[in-house]
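Please find below a short note on the model under review.

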Amino acid sequence: MADRGCLAEAEAAGESPALVLGVNPILGWRERLRAGLAGTGASLWFVAGLGLLYALRIPLRLCENLAAGTSSLISGLIFIFEWWYFHKHGTSFIEQVSVSHLRPLMGGTEHSISEPGSPSRNRESETSRQNLSECKVWRNPLNLFRGAEYRRYTWVTGKEPLTYYDMNLSAQDHQTFFTCDTDFLRPSDTVMQKAWRERNPPARIKAAYQALELNNDCATAYVLLAEEEATTIVDAERLFKQALKAGETIYRRSQQCQHQSPQHEAQLRRDTNVLVYIKRRLAMCARKLGRIREAVKIMRDLMKEFPPLTMLNIHENLLESLLELQAYADVQAVLAKYDDISLLKSAAICYTAALLKTRTVSDKFSPETASKRGLSTAEINAVEAIHRAVEFNPHVPKYLLEMKSLILPPEHILKRGDSEAIAYAFSHLQHWKRIEGALNLLQCTWEGTFRMIPYPLEKGHLFHPYPSCTETADRELLPPFHHVSVYPKRELPLFIHFTAGFCSSTAMIAILTHQFPEIMGIFVKAVSMISRTCVDYL
């Protein structure tokens, strides 16, 4: 599936973003409110601290202290705020203010007025293009069914597993693949074009039934009902079979007329997309219902019949089904075709390759024995494959080793991000558990990857440097109740720890000295006497 930006295609088509939102705006508002409340824990503690200071202002005579010029108190509060801001946002507040506001006032704007053809402008544009390519969002090839799986989760837990941003991307996907410029020629397609733009799920379902009243062979109407109204996989499969029957008829008709005009060619592309989507979802239904060999056959036929559509990543569905059959030779054959240096990598490709190499040695692997005799050639190959996979996506091992709880995968993922790690582990954890010792070998070796990667991450070892934008994109794709995995882990500089502690303790001593001068004088004399005694003793 080709990548999608948040609202780029809607704006390019001249449509307002609201037209492509596939969710209820009220639910989106509630979700954003919950996310805001979930992220204000530190702010509440900060407000509580200020309230405590206000309540104690009279017994501690804070107004007199401030009037007397207790600069240490102010410095301590500044550094405490700096520590909180860095912990929350990963950057220094003072540095951000200096760069954003003070630097332009001091004349640091020469880069902003460079000529269009200047080297600096070219470097800036190249950097922006690189950052944009690093954060492409892709359709999850193993995404679940909204009605039969995501909605059932909401019924049980009361939580929304999909974010507003994720569903908006899906709405754009549906309009891209299931509509074309000639929809006005068929009334049912005109209704479905409006249905894909509806925000409210019941309104989309109602529109699908209206399209079926106009044309009982409207394939996209059956697709919408299978995805959103069906509450079980069996019901979804039944509706997809009806969609397949209608889709094949329309596809054959479009093939006969494809050379008549550019409009007919657009119709054929749309009908091809619909047919491929239906067959793929039927294969996924068969996989979920235990008919693995049937699912494998459908996927193989799809890859042979429509080879240009490799962007849909159907091979990742095939890999997972073959692993379930334990057909490891067939898995290796698929990897030999798609694990190529010229093709885009994914967590499924890298970790499946590591799993196959781990399988040959994991049952006899022992850390104690390996430390005594050293690693064999097969074990070295397995460890290198694990290091390669971890470098591509460092978030996956914590989910495979169950150090971090899994959630339902989103409908879109960010390669090398936490969203991709969740999608991979959700489907492939059982395959790692099935191979004896595989998780043990992973646990013993995965952290060694980070000793091979240069730090700071200016360059990678086997892949490009890890992108810095994954955290922001993953927070948009993943629900607010999930704690997003961050790499590299943000560490607070020792200087900030030391300075905040020093200024806070100085401020506290200043307040106590001003409030209780006699007691603090006695305390200082006692401390000096004890220290002098210790020095004399030594």
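1. Buried here means under 20% relative accessible area, exposed over 50%, and partly exposed in between (1.4 Å probe, protein chains only). Helices (H or I, at least four residues) and strands (E, at least two) are DSSP runs, numbered from the N terminus. The model is predicted: local features need pLDDT of at least 70, side-chain atom pairs count only at pLDDT 80 or more, and totals for chains, interfaces and linings use all residues. Residues are numbered from 1 along each chain as its sequence is written, and side-chain values use heavy atoms, with hydrogens and water left out.

2. Helix α16, spanning residues 314–324, is mostly covered, with 10 of its 11 residues buried. Among the buried residues are Ile314, His315, Glu316 and Leu323. Their cover includes α14 (262–288), α15 (292–305), α17 (328–338), α18 (347–359) and α22 (418–434). Just after α16, Gln326 adopts a positive phi of about 60°.

3. The protein chain holds 26 helices and 2 strands. Of its 538 residues, 44% are buried. Taking contacts (heavy atoms within 4.5 Å) with a separation of 6 or more, 72% join residues 24 or more positions apart.

4. The mean pLDDT (the predictor's confidence in each residue, from 0 to 100) of the protein chain is 77, and 70% of the residues score at least 70. Confidence is highest in α22, at 94, and lowest in helix α1 (residues 8–12), at a mean of 38. Over residues 1–32 the pLDDT is below 50. Residues 106–133 also stay under 50. Where pLDDT is low, the predicted coordinates should not be read in detail.
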